[in-house]
Amino acid sequence: MRFRILNDEELKALEPELKQFLIVNGVHAEEWQSLNENNPEKAIQLIELFSDFVLEKVFDKINFLQFQTREHFAVYRVDDQLIESFHLKCSSADYNFTEIADVERAMNQITEGIELYKAEKKHNSNRADSVFELVNQGAQVSTLAVWHSFYNFVSTKK
């Protein structure tokens, strides 16, 4: 399995797509029911294939991610060749980067104990796998606006 298996709620939301996927793969309603009853391992393999198919499409569409912990805020821009990122790290108890107001305050007053840096990394294998890796580490989908605010901020600090 390349990514992860979709949970029951996700599969229910994608039921029409799952049915279409099964039909395209030569599994009709009666065969699907028989597989579930008589060969559950094969049924799970088909769900894994479907999950990978869906998640690859989702991850390929994600362009921006952000990661937040108490001490670290990062925003990522994902393109076809690489991932660019901006990071704020803090060793001060005065900030809690899970609060966006503290991220904005830290950006406006870089002080001792706050570190700002930019990084770039080529994809290890492909774009979708890189996005999945970041999501697995706790990154969430972000926006162009968040990316631009960091990009503009860093540009003014040069």
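A residue is called buried when its relative accessible area is under 20%, exposed when it is over 50%, and partly exposed in between, with a 1.4 Å probe and protein chains only. By that definition Glu 84 is buried, because its relative accessible area is 10%.

The model is predicted, so local features need pLDDT of at least 70 and side-chain atom pairs count only at pLDDT 80 or more, while totals for chains, interfaces and linings use all residues. Residues are numbered from 1 along each chain as its sequence is written, and side-chain values use heavy atoms, with hydrogens and water left out.

Glu 84 belongs to strand β3. Helices (H or I, at least four residues) and strands (E, at least two) are DSSP runs, numbered from the N terminus. The side chain of Glu 84 makes a polar contact of 2.3 Å with that of Arg 77 and another of 3.3 Å with that of Lys 118. A polar contact is a pair of N or O atoms within 3.5 Å; within protein, one must be able to donate a hydrogen and the other to accept it, and residues adjacent in sequence count only if both atoms are side-chain atoms. Contact in general means heavy atoms within 4.5 Å. Not counting residues up to four places away in sequence, Glu 84 touches Val 75, Tyr 76, Arg 77, Lys 118, Ala 119, Glu 120 and Trp 147.

Trp 147 is buried, with a relative accessible area of 5%. Leaving aside neighbours within four places in sequence, the contacts of Trp 147 are Phe 64, Val 75, Tyr 76, Arg 77, Glu 84, Ser 85 and Phe 86. Trp 147 also takes part in a cluster in which ring pairs link Phe 64, Phe 73, Phe 86, Trp 147, Phe 150 and Tyr 151.

Aromatic pairing follows a geometric rule: rings of Phe, Tyr and Trp (its six-membered ring) pair if their centres lie within 6.5 Å, and planes under 30 degrees apart count as stacked, over 60 as edge-to-face and the rest as tilted. The count by this rule is 10 aromatic pairs. One of them joins Phe 3 and Phe 132 edge-to-face, at 5.2 Å centre to centre with 70° between the planes. Phe 3 lies in the segment before α1 (8–13) and Phe 132 in helix α6, so this pair ties together parts that are 129 residues apart in sequence. Phe 59 and Phe 132 form a tilted pair, because their ring centres are 5.6 Å apart and their planes lie at 45°. Since Phe 59 is in helix α4 and Phe 132 in helix α6, the pair ties together parts that are 73 residues apart in sequence. Phe 59 counts as buried at 6% relative accessibility, and Phe 132 does so at 12%.

Helix α6 (residues 127–136) has as its buried residues Arg 127, Ala 128, Ser 130, Val 131, Phe 132 and Leu 134. Their cover includes α4 (40–61), β1 (64–68), β2 (72–78) and β3 (82–90). Just after the helix, Gly 138 takes a positive phi of about 115°.
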